[in-house]
Each structure stands twice: as structure tokens, then as C-alpha cells.
Amino acid sequence: MNIYQPHLMRIREIIDETVDTRTLKLEFQDSAIAEHFQFSAGQFGEYSVFGEGESTFCIASPPTRAGYIECSFKATGKVTQALRRLGVGDTVGFRGPYGNHFPLETMKDHSIVFIAGGIGLAPVRCVIWNVLDLRDQFKDVTIIYGARTVGDLVYKRELEEWAQRSDVKLCLAVDPGGETPEWKGMVARIPTAVEQTVSSAEDTFAVICGPPIMIKFTLPVLTKLGFPGERIYTTLENRMKCGLGKCGRCNIGPTYVCKDGPVFTAAQMRNLPQEF
Amino acid sequence: MTHRFLSHQGLASLVAQLLAANTRVIAPVRAKDDPQQIDYQPIHSFEEAAIGVRLPRRSLKEYFLPPTEVLLHYSQTKEGVEIREVSTAAPPQVILGATPCDVASLEVVDKVMGWDYRDELWFGRREATTIVSFLCSLADSTCFCTAVGLGPESFRGSDLLLVPVDGGYLANVVTSRGEALLHGFASEATDAAIAAAESSSRAARQKVDSNLEALPADFGGWLASNFDNPLWKTIALRCHGCGACAAVCPTCHCFDIVDEHDTADSGVRRRNWDSCQTGLFTLHASGHNPRQSQSERFRQRIQHKFSIYPSRFAEILCTGCGRCSRSCPGGMDLPKLLLELVTLSQAKPEVSGQ
């Protein structure tokens with residue numbers, strides 16, 4: 001089998017997250033592959049609609065839940081719009097898992113602050129559930145999640161679940177103007193929400209993902225709180241075709257997002273050429 | 001490496017035997033659209049080959065990474081989707097009369113094609129191919145193979161390297177595959193033939209040697225630390241972003257993957273050549289583009305070839321063939337640009353405060 005050959009997966013469930021963002025729950029059609037498929041939190045894959053092409057997303061479900069994977073996407077380009085036209089029972093292609101992953105082994109026995117904006121919650125959610133499924137191996141778990149408006153928040157049913165858990169500290173925020181009369185969360189941008197929610201960086205890792213502008217303004221807040229760059233993890237995206245280090249388009253200087261990433265520390269990001 | 005002598009007649013018979021056995025033989029031939037130009041093409045008789053006339057317009061790349069190739073066939077059925085795999089096995093082929101720069105490029109690109117995930121489509125063709133290269137006496141002012149560690153007599157990637165001598169060729173036998181190919185056609189090489197070959201190799205090297213000095217060992221490091229140097233803004237001004245340089249380049253290997261319908265419910269997934277010089281190459285669906293301007297795209301090309309690839313694979317991603325300079329509509333001349341960059345890299349830093 002050549003390396004560009006995808007596995008076939010069937011859509012088991014479709015969940016509409018927002019007006020334009022959707023989650024697909026996928027299962028391998030070949031039970032032998034399903035049985036042996038393994039991945040780690042943070043890895044990505046090439047998902048395809050046959051006749052339309054391939055697109056790169058992280059695996060949004062945690063490796064602790066076997067038997068299926070999930071991807072969340074916003075209908076934006078050719079492939080994502082085609083993915084949106086598919087229904088339950090339809091077939092998609094999947095190649096992966098590719099890339100590195102979040103170092104959960106290193107994070108064990110520490111506290112973790114998860115920070116996400118908009119659809120950036122997808123890769124973070126994979127790590128969150130991975131940690132919550134192994135909850136006793138970690139100390140405090142804090143989740144700070146925001147979007148432009150209440151309608152743009154994804155994984156709403158899970159936000160409710162996290163809000164009810166006593167072993168999770170959840171802070172939800174929407175941008176000023178994005179709130180509804182019923183909104184009980186914060187009205188603030190992510191950097192402010194982080195400043196007001198996180199009190200200490202001691203023994204703590206930060207996992208952050210969201211729009212570049214959010215990351216840009218949140219990193220100084222984390223630094224001020226005392227997080228060293230080596231303990232702040234994020235995941236980068238770039239346009240990819242192969243996902244295997246060959247097609248030559250996802251590199252940031254000498255660093256290949258598909259092979260060296262997609263997970264990087266803030267310290268590593270500081271050393272990258274500013275071309276992403 | 002051993003030396004053998006192959007007469008003109010011996011080479012003609014060797015090719016005739018290959019063709020009789022239905023082995024595909026690819027050699028430089030006069031281009032159909034322009035007899036002044038040379039293309040690597042499959043030949044049907046030895047007489048078609050036009051070896052040592054002129055550097056072929058395009059490199060050997062298309063015989064290993066075709067401009068477009070099918071990765072899989074798909075068809076929609078009532079039950080779902082069916083995929084038909086493509087074979088990664090390639091029929092045996094012999095390349096005859098390739099220039100050393102084109103042959104060396106294959107070994108250079110092997111590194112990325114084998115990087116952790118083995119591209120069986122590439123290696124299937126590589127393994128099915130026997131390569132007979134020729135001493136190159138075709139250098140013009142854009143050639144600079146000697147600056148990137150190669151030379152007109154380089155046998156890197158070849159199974160056999162032939163050097164014209166009186167009455168035929170001195171065959172440098174590089175691999176056992178090359179030896180097997182010669183079996184029954186070659187005779188012992190005389191000292192005189194070996195000496196003649198050495199002398200013409202030296203002459204061929206002199207022809208290209210003065211075009212550009214060998215790139216300094218720390219050139220890649222200098223490029224990496226000068227990623228933000230303002231020079232990139234001006235250096236790329238003549239670049240139109242057409243991507244011709246990448247199409248003719250023996251080492252440019254970037255590709256796109258697209259699906260194509262044949263009918264409403266069946267079609268193929270294809271791999272097509274692509275180029276980092278076009279604006280679409282890195283464009284995200286959101287509209288964000290990490291390389292927005294031509295200067296960033298041109299910087300990527302130079303950095304990839306002379307800094308990134310060397311740092312990852314200890315290889316310069318360039319064999320000095322000069323095709324990019326010959327085909328550039330904007331008149332970008334790579335050896336000249338490299339000379340500029342090397343000169344800059346070696347300039348003493350200005351002493352400030354005086």
C-alpha cells in the first residue's frame with residue numbers, strides 16, 4: 001500500500017456545533033484497522049471526500065476513547081464544504097495519525113491550564129478528555145474557553161458537563177458584544193480571562209490554541225504569571241498536502257509542521273522564523 | 001571503481017539488445033517541436049539518441065516523479081466507496097546519456113522521499129532504473145555543478161559513467177548493476193584510454209569551474225541566520241512567481257494532491273507538480289497566507305535549497321544544472337545571486353561607533 005492511500009471510514013454521527021462548524025464521528029470500515037489504530041493527543045490526519053480532495057485536521061477525540069475518531073471543521077474551502085454535504089453512513093477517507101503529540105507523560109502529576117479560542121478548542125478538547133479520562137494522574141485542571149459570540153462556542157454539551165464537574169475549573173468568555181441576555185460567563189477577551197482566572201504557574205503546564213491574534217496577546221500574560229516558554233504548549237496549523245514531510249509546503253523555515261509539529265512549545269515558537 | 005572499454009559498436013549493440021528485450025531506454029533526443037532543443041525521451045533505436053549535443057531542456061525528474069500521476073482510483077457504489085490501489089512496481093528502464101547533474105539529483109531527492117515514510121512510487125521507479133551517465137562537456141555560463149560539490153565527471157547516482165575516448169568510451173563501472181549491463185559488450189580498458197578519459201574530465205571541469213566557486217561550508221548557516229535580512233525584498237524583485245524554475249529543476253519535488261472526477265461517481269486522486277513560487281502554494285482556506293509576497297516565496301526557494309535541506313539531510317538541494325537561470329522570464333540568474341549572497345556572507349561586519 002502506498003503512503004498516500006487512505007483508510008475508509010464511515011460517518012457514524014454528525015453533531016452541528018455552530019451554524020458553520022460541524023463534528024463528524026467516524027469509524028473505520030475495516031475492523032482489523034479499527035482494532036489496531038492508535039494515536040496520541042495532538043496528532044492530525046488527512047481527511048478526504050472522494051472526488052473533492054483531502055484536508056488536514058487534528059483528531060478532536062481523545063485516544064482514551066477507542067472505536068472511533070472525531071474531527072471538527074468549519075465549512076470554508078472545497079473539501080470542508082463537501083464534508084458538510086455528507087450524511088450519516090457516508091464514506092470518507094482518512095490517512096494518519098501524523099505528527100508529534102502533547103507530552104502527557106511529562107504533564108502527569110502537574111496542574112494544567114487549557115486555553116482555547118473558537119474552533120481552537122478542537123485540538124485542546126482532545127487533550128482535555130484524555131486528561132479527564134485519566135483524572136487521578138493530574139492535579140488541578142482549569143479550562144478557559146472563549147469565542148467571539150455565544151453562538152460561536154463549540155462543544156456546548158461538553159462545556160455544560162465540564163461546568164458541572166467539581167474536579168474541573170471552567171471559565172467561559174465571549175468578546176464584548178457577543179453576549180446574550182442569558183449569558184452567565186465572562187464578557188472579556190481571552191488574555192483578560194486568563195489574567196483573572198489563573199493565579200499561579202507553579203507546577204502547571206499551559207495548553208493553548210486559537211487564532212494567532214489570541215495567542216499573540218495571551219502569551220505575555222502567561223509569561224507574566226510565571227509560565228516558562230517550555231511549559232506552554234500550542235499546536236500550529238499550516239496548509240498541507242501529504243502530511244508526511246514530502247510535499248514541501250508546511251515548513252516554517254527549517255521546521256516542518258507535519259513532522260516536527262504540530263505541537264510546539266512557546267519557547268520553540270520564539271526560535272522559529274516569524275513566517276506563519 | 002573499475003574501468004572497461006566500450007566501443008561505439010558495443011554501445012549500439014547494448015542498446016539494441018535492451019530494446020529487443022522490450023526494456024524502455026530513455027536518452028537525450030532532438031525535441032520534436034524544436035530540433036535545436038534536447039529532451040530526455042524513450043528511444044526506439046540507438047540512432048535516435050543525441051548524446052552530448054546540449055543539456056536537455058528538462059531534467060530526468062519526470063521519469064521518477066511524473067508531472068501528474070494517479071495515486072488511487074475511487075468509485076462510489078451503493079454500499080459506499082471503493083478504492084483501487086495503484087501499483088508501486090515499475091517496469092525496468094535504462095537511462096542512457098544523462099548528465100551527471102541530473103543523475104546526482106535523484107540521490108539528493110531520495111533523502112526526502114525516504115524520510116521516515118517511504119514513497120514507494122518514487123522508489124519503485126528508482127529501483128527499476130539503471131543509469132548510464134556521460135561526461136558532460138556542455139557547460140555554459142549558467143552551470144555551476146562544481147560549486148555544489150559535483151562536477152561534469154561526477155558519477156554520483158550513476159551505475160555507469162561513460163567518457164568518450166578514441167574508438168568508443170571509457171566506462172567507469174560504479175555499481176554491480178552497471179557491470180551487469182556491460183557484460184558481454186565491453187573489453188579491458190587500456191592505460192591510454194584511462195589517461196585520455198582523465199584528461200577530458202579535467203578539461204570538462206575547467207569549463208565550468210570558474211563560473212562559481214564552491215559554496216562556503218557555513219553558507220546554509222548564514223542563510224538561516226539571515227532569514228529576516230532586508231536583502232530578500234530586493235533580491236526577488238525580478239521574480240514573476242511563474243514557477244518555471246521549479247518545473248525544470250531536477251531537485252524541486254514539491255507536489256499537490258487533488259481529486260478529479262472521471263464520471264459523476266468515479267475518478268482519481270492525483271499528485272501533480274507544484275511550486276513554492278506561486279501565491280496559492282501556502283494559502284490557507286481562511287485567506288491567511290504565511291508567504292504573502294514574492295520575496296517571501298523566493299526566500300523559501302533559496303532557503304530550502306541551500307539551508308533547510310542541507311540542515312535536515314546534509315545535502316544541497318541543487319545540482320548546479322543552471323536550468324532555472326535559462327528558463328526564467330525575469331532574468332533571475334541563480335549563480336549570480338549565489339555569488340552575491342556568498343559575498344555578503346563573507347563581508348566583514350561593519351564596525352559601529354566610529
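This is a predicted model: local features need pLDDT of at least 70, side-chain atom pairs count only at pLDDT 80 or more; totals for chains, interfaces and linings use all residues.
Residues are numbered from 1 along each chain as its sequence is written, and chains are lettered from A in the order in which they are written.

**View 1. Chain A as a whole, with its helices and strands.** Chain A contains eight helices and 15 strands, where helices (H or I, at least four residues) and strands (E, at least two) are DSSP runs numbered from the N terminus. Its radius of gyration, taken over C-alpha atoms, is 18 Å, close to the 19 Å that the globule rule (2.2 Å times the number of residues to the power 0.38) gives for 276 residues, so chain A is as compact as a globular protein of that length. The C-alpha trace of chain A spans about 50 × 45 × 35 Å along its principal axes. Of the 276 residues, 49% count as buried; a residue is buried if 20 or more other C-beta atoms, placed from the backbone, lie within 10 Å of its own, exposed if 12 or fewer, and partly exposed in between.

**View 2. The two domains of chain A.** Domain 1 covers residues 7-98 and domain 2 covers residues 104-235 of chain A, with bounds that come from an automatic or database domain assignment. The C-alpha centres of these domains lie 24 Å apart, and 15 residues of domain 1 are in contact with 16 residues of domain 2, contact meaning that the C-beta atoms of two residues, placed from the backbone, lie within 7 Å.

**View 3. Two cis peptide bonds in chain A.** A cis peptide bond with omega about 0° joins Gly96(A) and Pro97(A), and Pro97(A) belongs to strand 6 (residues 91-98). The bond from Gly261(A) to Pro262(A) is also cis, with omega near 10°, but Pro262(A) sits in the loop between strand 14 (255-256) and strand 15 (263-265).

**View 4. Two loop residues of chain A with positive phi.** Tyr155(A), a residue other than glycine, has a positive phi near 55° and lies in the loop between strand 8 (141-147) and helix 5 (156-164). Tyr155(A) counts as buried because it has 23 C-beta neighbours inside 10 Å. Asp203(A), likewise not a glycine, has a positive phi of about 60° and is placed in the loop between helix 6 (190-197) and strand 11 (204-209). With 11 C-beta neighbours inside 10 Å, however, Asp203(A) counts as exposed.

**View 5. Leu72(B) and its surroundings.** Leu72(B) is part of strand 4 (residues 68-76) of chain B, and it counts as buried because 21 C-beta neighbours lie inside 10 Å. Leaving out residues up to four places away in sequence, Leu72(B) touches several residues, among them Gln5(A), Ile83(B), Val86(B) and Val268(B). Leu72(B) and Val86(B) are 14 residues apart in sequence, yet their C-alpha atoms are 5.6 Å apart in space.

**View 6. The contact between chains A and B.** This contact takes 31 residues from chain A and 43 residues from chain B. The side of chain A that touches chain B has 11 nonpolar, 13 polar and seven charged residues, where Ala, Val, Leu, Ile, Met, Phe, Trp, Tyr, Cys and Pro count as nonpolar, Asp, Glu, Lys and Arg as charged, and the others, Gly among them, as polar.
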